[in-house]
Amino acid sequence: MSSKSLALIENWPVPTAAAGAVRADGTVLGTHGPAGHRFPLASVTKPLAAYAVLVAYEEGAIELDEPAGPEGSTVRHLLAHTSGLLFDEHRVTSAPGERRLYSNAGFEQLGDHVARATEIPFAEYLRQAVLEPLGMTSTSLENTGSPAKDAVSTVDDLLRFAAEVQAPRLLDPRTVAEAMTVQYPGTKGVLPGYGHQNPNDWGLGFEIRDAKSPHWTGASSSPRTFGHFGQSGTFLWIDPDAGAACVALTDRAFGPWAIEAWPPFTDAVLAELRG
């Protein structure tokens, strides 16, 4: 593909933006903007953290259904935002598995759980388990940073990650298939920035598009599309039906501009991929 669709980021009302797309075989289809510029990821940190948690699971350090977080909650509940923990408070408002309460606190408890199990600080575990093997040398999470929102990365590095998720080498493909499968089907809740969704489908650390409306992906995105967006004006989606993934990073906080700009951008990228 040319990067004609990716060039649409030039119309976004942001100081700096970069975008790129990559196929499942790792072929970078194009980038636009400063693809090596380091941007704060905000919640696009979560898929990276989730991948590290899944490596810990495959290494036998943890089990997905072992207790973690609040009473009655498991690693799986924390990954799927169904532990009952509030958004940014380590306080419970519902029983595990009842509601999809999107929770930074849940991912912080996940990080603590993996750190205890592996005896390695979570930021260091993430580096050893995911960032280093994938050559993501411009991506980092400080030791004091939150596994929910504090990583910094580049389009180039996230395209490496998106290629890995599409054709896994660090994980068994069955584990990744589980991560993109709805956990606790039928669970409703709020998708930050987009209101109440019933159901509010989520996998293990990845949000699943399904039939959500409104949504931050495109009208032509397949229901199987999964990924994440961040409050720093960032997103990563993977559309298995299109056989490709797309990353866009900016330095302007998520808001009405993004709700307006992102879906037509995604539709243009998908149209160019299909064309």
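**Exercise 1.** State how many bridges join β9 to strand β10 (residues 244-250), and in which direction the two strands run.

*Solution.* Five bridges join β9 to β10, and the strands run antiparallel. Strands are DSSP runs of E with at least two residues, helices runs of H or I with at least four, numbered from the N terminus; two strands pair if DSSP finds at least two bridges between them. Within this pair, Phe235 stands opposite Ala248 in β10. Four residues lie between the strands of this hairpin, and Gly243 takes a positive phi near 65°.

The model is predicted: local features need pLDDT of at least 70, side-chain atom pairs count only at pLDDT 80 or more, and totals for chains, interfaces and linings use all residues. Residues are numbered from 1 along each chain as its sequence is written, and side-chain values use heavy atoms, leaving out hydrogens and water.

**Exercise 2.** Describe how strand β8 (residues 226-230) is joined to β9.

*Solution.* Five bridges link β8 and β9, which run antiparallel. Gly227 stands opposite Trp237 in β9. Three residues separate the two strands of the hairpin, and Gly233 in the turn has a positive phi of about 80°.

**Exercise 3.** Determine which residues cover each face of β9.

*Solution.* Six of the six residues of β9 (residues 234-239) are buried, that is, under 20% relative accessible area with a 1.4 Å probe, protein chains only. One side holds Thr234, Leu236 and Ile238; the other holds Phe235, Trp237 and Asp239.

Methods. Buried means under 20% relative accessible area, exposed over 50%, partly exposed in between (1.4 Å probe, protein chains only).
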